[in-house]
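Subject: Structure for your review

Hello,

The structure we discussed is below. My notes follow it.

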Amino acid sequence: MRLDRMSVSALEARFAAGRRGIILPLGSLEQHGAPGLLGTDAICAQAVADGAAARADGISAPVLAYGQAQFHLRRAGTASLRPSTLMAVLVDVLESLALGGFTRVLLLTGHGGNVAPAQAAMQEVMADVSTGRLALPAPLTVKLRAWWEGPRLAALRRELYGDREGFHATPSEVAIAMALHPEAAAPPESWPAFRPLPADPLHDAGGDRHLDAARHRAMFPDGVIGSDPSLARAEHGHALLEAAVADVAETFAAFQAAQDHAAR
Ligand code: NI
């Protein structure tokens, strides 16, 4: 069920039955190589969140379509929140959801650049509770995951793409976007030739500790980071989405059902 398509009374009935969890997908509007869709991260995170919520009797929120992508700035179509803005937005959304009765929020990101601001936001909310600035009706627990972290999906990515999966404009995220939006899919031959990740001790692309956009672009001129999106196929996308949904549904079901330690 999607939160934006539910009524207050339907939501309150779920709360009364003890189901107080929600999946909040986090996206980004950013370049994914010239042929890739700018909204790839939001499209994937929303689809996995909606599918997992449906499977695990949960609720998914509408995706936060903008994320922290400063390293992709100055490319057409990229719009980034600065890290402090994303943190502030997430603090407001998390505190609002908790004040309204949610006690479990699974942040499901589709973009690695969101991870550090999201972790800081989680601690900011906890600090507000700890200091007494925020009085919640019930304790809040927030968990952060990327949609691609589960074991089923990891195995399928490895099987389909091996070491050509890479870090950005990955064939798996491109395949899911193709499956969901076939009308916008680029043909395989439109992608740049595969380039393995260049070694650079100052610039660890896999850890999302990126430098500024100009140096990022000098290093990754075609916008692709160690991946080969020409391998993506729409039929892979359906299978990858199914695997990610199964992984995240399992995580969310356990998270929603977990009991809190009693507060003292
Ligand atoms: Ni992406």
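Which residues does Gly112 touch, not counting residues up to four places away in sequence? They are Trp148 and Asp208, where contact means heavy atoms within 4.5 Å.

Before the rest, the conventions. This is a predicted model, in which local features need pLDDT of at least 70, side-chain atom pairs count only at pLDDT 80 or more, and totals for chains, interfaces and linings use all residues. Residues are numbered from 1 along each chain as its sequence is written, and side-chain values use heavy atoms, with hydrogens and water left out.

Gly112 sits in the loop that lies between β2 (104-109) and α4 (115-130); helices (H or I, at least four residues) and strands (E, at least two) are DSSP runs, numbered from the N terminus. Gly112 counts as buried because its relative accessibility is 13%, the cut-offs being under 20% relative accessible area for buried, over 50% for exposed and partly exposed in between (1.4 Å probe, protein chains only). His168 is 56 residues from Gly112 along the chain, and their C-alpha atoms are 9.3 Å apart.

On the sheet: it is open, with three strands in the order β1-β2-β3 and parallel pairing. Two strands pair if DSSP finds at least two bridges between them. At the edges are β1 (21-26) and β3 (141-146), each pairing on one side only. From one strand to the next, the twist averages 20 degrees. Angles run from 0 to 180 degrees between N-to-C directions, and axes are lines fitted to C-alpha atoms, for helices over the stretch in contact.

The parallel strands β1 and β2 are joined by six bridges. Gly21 has Arg104 in β2 as its bridge partner. Helix α8 (residues 234-257) packs on the sheet and touches β1, β2 and β3; the direction of α8 makes about 160 degrees with that of β2.

Regards
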